[in-house]
Amino acid sequence: MSVMHYPNRLPCGSRFLDLARPQVMGILNVTPDSFSDGGRFGRRDAALRHAEAMVGAGASLIDVGGESTRPGARAVSPVEELERVAPIIEAIAAELDVIISVDTSTPAVMREAARLGVGLINDVRSLQRDGALDAAADSGLPVCLMHMRGEPTTMQQNPEYADVLVEVRDFLLERMAACVAAGIALERLILDPGFGFAKTQEHNLKLFKHLQSLHALGRPLLVGVSRKSMIGRALGREVGERLSGSLALAALAITKGAHILRVHDVPETVDVVRMLAAVEAAE
Ligand code: 7PM
């Protein structure tokens, strides 16, 4: 038999991501407000234990983020961001069999994270910072491009779109072209509509309803809606009460062809993925 072609296996550093079935990305925030007890080493161990639990529950990716993208959050220096994420990335790379994703817009963090063994760059700013395209290109890693307008601090101040679907698609197309021009092949790109980033409730719901239209861009889709305000607004639930809404959207995202779900609640989301797969496997 000749060498098989695996169009659904995305190379992520030393590992492969199977895009033939939906994959769960577990969120690991390493901002000072998370894992705050126990000082620096206590934080690293707590983060590692949380990552380990998510991997054990079936996450194939762990998204490590050190810059809070929260509206109104204080800007973090590249050094501070690196001091937060580097020890966690090192610990996960040494201890766990999982693809590490780094949630960053900072070129220096991309370069160092690639050296430490991450398999994916997840940038909510779609490599628009100075030097980010080159840093990502040099890493050789796949990149998740996410739609956002403006900056997290101000993005929710009256976002307006003539047609949110068209504008999200055109933005992603423009960033895809910028990546190709910088030497990042299309085959390395993952796309994300950026739920909750510079969007009203109506924008978020419309984007979700028509998620399938983004398949026209020809690349795998990542969806991040876990515990977000769009669930809070639709259901009138505080952030700690959004699991059912998150799982409903996880099931719907898979039904609409999403490839990667970025979530807080890994065991529950993996059950959703497995339940849908069981039904799909029937005659
Ligand atoms: C406050 C507001 C805290 C928003 C955290 C967030 C996404 C992401 C984030 C996403 C990709 C969250 C977000 N969201 N990366 N990073 N897609 N690719 O709720 O939707 O986790 S941060």
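Two strands are taken as paired if DSSP finds at least two bridges between them, and strands (E, at least two residues) and helices (H or I, at least four) are DSSP runs numbered from the N terminus. The model is predicted, so local features need pLDDT of at least 70 and side-chain atom pairs count only at pLDDT 80 or more, while totals for chains, interfaces and linings use all residues. Residues are numbered from 1 along each chain as its sequence is written, and side-chain values use heavy atoms, with hydrogens and water left out.

Strand β3 (residues 23-29) runs parallel to β10 and is joined to it by four bridges, with Gln23 opposite Ile260. Strand β9 (residues 222-223) also runs parallel to β10, through two bridges, and here Val223 stands opposite Leu261. Both faces of β10 are covered: Ile260 and Arg262 on one side, and Leu261 and Val263 on the other, are all buried (under 20% relative accessible area, 1.4 Å probe, protein chains only).

Turning to the helices, α1 (residues 39-56) reaches 25 Å from its first C-alpha to its last, close to the 26 Å expected for its 18 residues (1.5 Å times one less than the number of residues). Ala46, Ala47, Leu48, Ala51, Met54 and Val55 of α1 are buried, and their cover includes β3, β4, α2 and α9 (contact means heavy atoms within 4.5 Å). Gly58, with a positive phi near 115°, follows α1.

Helices α5 (residues 164-181) and α6 (residues 201-209) pack at about 70°, their axes 9 Å apart. Val164, Leu165 and Val168 of α5 meet His203, Lys206 and Leu207 of α6.

Technical notes. Buried means under 20% relative accessible area, exposed over 50%, partly exposed in between (1.4 Å probe, protein chains only). Axes are lines fitted to C-alpha atoms, for helices over the stretch in contact, and angles run from 0 to 180 degrees between N-to-C directions.
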